[in-house]
Amino acid sequence: MEEIKAIMAGNVWKVLVSVGDTVEEDQDIVILESMKMEIPIAAEEAGTIKEIKVAEGDFVNEGDCLAIIETN
């Protein structure tokens, strides 16, 4: 299992995946908005989305878990 974590504080602008989706390494999972910039957060490994911990509009801090991936 791998936790996808926020690399900076910001608002969750868009969640690009759903539970059960298969993702590839470097595929964008969530897009954060901070200081009017969009910051894509990507999977570090391929796998299946097991849990999404945030919803669009949520505020997250640096290091907060955004999603959990079961790696292949």
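Is S34 buried or exposed? S34 is buried, with a relative accessible area of 10% (buried means under 20%, exposed over 50%, partly exposed in between, with a 1.4 Å probe and protein chains only).

This is a predicted model, in which local features need pLDDT of at least 70, side-chain atom pairs count only at pLDDT 80 or more, and totals for chains, interfaces and linings use all residues. Residues are numbered from 1 along each chain as its sequence is written, and side-chain values use heavy atoms, with hydrogens and water left out.

**View 1. S34 and its contacts.** S34 belongs to strand 4, which covers residues 28–34. Leaving aside residues up to four places away in sequence, S34 touches M8, A9, G10 and I39 (contact means heavy atoms within 4.5 Å).

**View 2. The strands of the protein chain.** The protein chain has eight strands and zero helices (DSSP runs numbered from the N terminus: strands are E, at least two residues; helices are H or I, at least four). Of the contacts with a separation of 6 or more, 58% join residues 24 or more positions apart.

**View 3. Extent and burial.** The C-alpha atoms fill a box of roughly 35 × 20 × 20 Å along the principal axes. Of the 72 residues in the protein chain, 35% are buried.

**View 4. Surface of the protein chain.** The protein chain exposes about 4,300 Å², and carbon and sulfur atoms supply 45% of this area (Shrake-Rupley method with a 1.4 Å probe).
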